Amino acid sequence: MERAYLEFENISKMFPGVRALDTLCLKANEGSIHGIIGENGAGKSTLLKILSGVYIPSSGMFYLNGTAQAFTSAQSAIQSGIAVIYQELHLVPDMSVAENLLLGHLPNRFGLVDKAALQGKAHSVLESLAEDIDVNANVRSLPIARRQMVEIAKALIRNAKFIAFDEPTSSLTDREINNLFTIIRNLKKQGHVILYVSHRLNEIFELCDTVTILRDGKVVETCTNITSVNHDYFVRRMVGRSIENIYHYTPRQYGAPALEVKGLTGPGLKSPADITVSQGEIVGIFGLVGAGRTELLKCLYGAVKSHTEYIKIHGEGVTINNPTDAIGHGLVFIPEDRKFEGIIPSGSVSENINLSVRRLFSRFGLIDEKRERINAKHFVDYLSIRTPSLKQLICNLSGGNQQKVILARWLSEHVKVMLLDEPTRGVDIGAKSELYELILKLASKGIGIILVSSELPEILGISDRILVMRQGKIMISLNRDEATEEKVLHYALPEQ
Amino acid sequence: MNNTHAVTVKNKIFVLWDKAGILVAFILLFILFSLFVPYFFTWINMIGLALSVATVGMIACTMLFCLASGDFDLSIESTVAFTGVFTAVIINATGSIFAGVVIGLTAAGCAGLFNGLIISKLKINALITTLATMQIMRGLGFIVSKGSAVGIKAPGFYALGTGSFLSIPFPVWITAVCFLIFGFLLNKTTYGRNTLAIGGNREAARLAGIPVDRIKIIIFTTQGLMAGLAGIVLASRMTSGQPNSSVGLSLDVISACVLGGVSLTGGVGTILGTIVGVLIMGTVQNAMNLLNIPTFYQYVVRGIILLLAVVFDQLKQRRYV
């Protein structure tokens, strides 16, 4: 029997109106990789924040190596040898790799930074990860995957015995993921305790020794023998029901063109793009990171300066110079970065839903509170947004529920064309399935949909037609029946 | 079960503290002063107190919007002085009070508009922009007045600052009406909600179709106008335009707003909080005057109060994390 290095005993965490963790028990062993899965709002992020000392548990005990711990700050967690590597990396972009690695304990002589020692230390730890990163490079200049390695190296430099990963692969390519897994396995061999939080079940199967399934802040089950279970089993336990086909794809009748764009140019687009979307059609856009997918949507939406020969919505020529114009013509955009481009964190759920549509509800600039309340209530019910009240601050909601609030914001409008940028990013499988169902429902109502995603199965699963982008250019348009994974990738990957 | 009950009671206390903590603090302070500071709770002193916060109060109305949208305005103190002087000069030159007030307000509005254009269209940091216009407006005030106070030769103009209605001076009425108007704007109009949204997350607000630049320009223009109004009322009270008046007023106004719970990072602010913030600053100063505490010590006390308020606010926020 292996010894539990980390142990949670009946940990609960309460927020006003929400019980994020409910008498949670968890044990992670030395030299093992422990997976954590669960839907949005199941309590994964809360768990990680307790580990890293950001949250203090409302009740319960937490042991490290047999000793009870009471973290009062992120600092105390670091000192106890815990490192949490978040989805959004915590690096200082304008400092060098070496400085980032040793931030907080820069080697110095009489208060002056000892550059040679700094570079030496940084170099040796990166070497131990078999990473060839220039220690003098600015972190800003590194691609995401490299930054992640810097974050891992930082954990090692701080002698972290326990390393937790939060959705580490969400913005990595396959090759980068493989590299990351090799490193994680090596860390395990060296006796580190790894906690691996992910929505991607295939990664869990590939990597983890033990898996704990969370639902509504409680442990549903801890599987110690994951070879005995399969993908569907996990999904069932996570969601509490089974999801046969998460995409729910059904063919639809298309109407007249919803959106016709000719010669779209703008920042990030290498050659003029032509796009047509019919009413009721779902067009998926696939491309690697940096292929110009987000840029294309932002140009369409008028969020950045762009030019076109013409844009027609429902056959009518329109001019879109800014988001206000776009929304006025029924073209809406759901951004990829919910936190920085989607939500107003200081606003309530109702405030966030009515943000845009209130201009239609109001008369002479006066807010119609009743209509706003009815509208918010309607969408909270319709999209089953989990919130204790309409007045709850949106920042207290889970990621999936925040995304639904943003969707509600746009469904309140008379939408003709919807641009979705990675709508299911950081969203668990249950909420994903709900979102797909919703997208199909919107399409069947005649809304033209453009969906950008870096998840190929998602693109193949839900799109009627697929546009493949590479280096700021639309390479090809493939119909659903002719699109295969190989074909799409062939056009997406740069020529060797 | 018992535990859950305790939690809800605790929550209710927190919610009350969140919503009305500063108001409760003010009421306690007021009662304390009434009991222990001689002459504090007298009609004459109350009127004096109200009059003393009138200028800060008027400008706090628009500063609330400015801070709520995530910006600053340090230039208002110079706009107050400039408008007073400029109005005095125009009245003396034309003999028309009306012309003086209208032209004075227009000039102040233009100063605000200028701030707004630079900040929204050229994307220059508000702190730097208004620091620059603070100097420019102060300089213009000195230029217009040739460096000395300009006495106003139209006694009818004094009524604005010295007259009263129902034995309450006009400046106090004006301030009260401003609070009502801007409270209404903040809570009941799209303009107010959009202002808070911009302060909460500027990019999200822009992508949600809110005309961010236009709203910023409106915020700064009204800020200029209110500073102008305050300057004119002040000039009327002093029966002259004084180019070196109101130094440090901007920070007084910002302090009062912050004391009233307006977030310096934007997105959060209420009119009630702002009123209470203004009143606390005024009340403490008033009580210190009555107690004959020397001015030098008053600065120290006001600084400490502001610091305490911010620290409490920070502690309050930490609970949510």
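Is A:Arg252 buried or exposed? In this predicted model, A:Arg252 is buried, with a relative accessible area of 14%, where buried means under 20% relative accessible area, exposed over 50% and partly exposed in between (1.4 Å probe, protein chains only). Because the model is predicted, local features need pLDDT of at least 70 and side-chain atom pairs count only at pLDDT 80 or more, whereas totals for chains, interfaces and linings use all residues. Residues are numbered from 1 along each chain as its sequence is written, chains are lettered from A and ligands numbered from 1 in the order in which they are written, and side-chain values use heavy atoms, with hydrogens and water left out.

The side chain of A:Arg252 forms a salt bridge with that of A:Asp464, at 2.9 Å from N to O; a salt bridge is a side-chain nitrogen of Lys or Arg within 4 Å of a carboxyl oxygen of Asp or Glu. A:Arg252 sits in the loop between helix H8 (231-239) and strand S13 (257-264) of chain A, and A:Asp464 in the loop between helix H17 (456-462) and strand S21 (465-470) of chain A, so the pair ties together parts that are 212 residues apart in sequence. Helices (H or I, at least four residues) and strands (E, at least two) are DSSP runs, numbered from the N terminus. A:Asp464 is also buried, at 5% relative accessibility.

Over all chains, the count comes to 26 salt bridges. Another of these joins A:Lys161 to A:Glu30, with the closest N and O atoms 3.9 Å apart. A:Lys161 belongs to the loop between helix H5 (144-157) and strand S9 (162-166) of chain A, and A:Glu30 to the loop between strand S2 (18-29) and strand S3 (33-38) of chain A, so this pair ties together parts that are 131 residues apart in sequence. A:Lys161 is partly exposed, with a relative accessible area of 26%, and A:Glu30 is partly exposed at 28%.

In chain B, the side chains of B:Glu203 and B:Arg206 meet in a salt bridge of 3.1 Å, N to O. The two residues are 3 residues apart in helix H9 (residues 202-207) of chain B and are therefore separated by about one helical turn. An α-helix has 3.6 residues a turn, so residues three or four places apart point the same way. B:Glu203 has a relative accessible area of 26% and is partly exposed; B:Arg206, at 28%, is partly exposed.

The interface between the chains brings 30 residues of chain A into contact with 24 residues of chain B, contact meaning heavy atoms within 4.5 Å. About 2200 Å² is buried between chain A and chain B, 58% of it on carbon and sulfur atoms; buried area is the accessible area (1.4 Å probe) that two parts lose on being put together, summed over both. A:Ile344, A:Leu355 and A:Ile367 supply 18% of the area that chain A buries against chain B, more than any other three residues.

Between chain A and chain B there are 2 salt bridges. The side chains of A:Glu351 and B:Arg193 form a salt bridge at 3.3 Å, N to O, and A:Glu351, A:Arg358, A:Glu372 and B:Arg193 are linked in a network of salt bridges. On the side of chain A that touches chain B, two or more residues each come from helix H10 (323-328), helix H11 (338-342) and helix H15 (399-411) of chain A. H11(A) gives the largest share, 4 residues.

In chain B, B:Ser75 lies in the loop between helix H2 (43-68) and helix H3 (76-94) and is buried at 2% relative accessibility. Its side chain makes a polar contact of 3.1 Å with that of B:Asn115. Apart from neighbours within four places in sequence, B:Ser75 is in contact with B:Asn115, B:Thr130, B:Thr133, B:Met134 and B:Ser250.

Helix H9 (residues 293-301) of chain A is mostly covered, with 8 of its 9 residues buried. A:Gly302, which follows H9(A), has a positive phi near 80°.

Notes: Polar contact = N/O pair within 3.5 Å; in protein donor to acceptor, adjacent residues only side chain to side chain.
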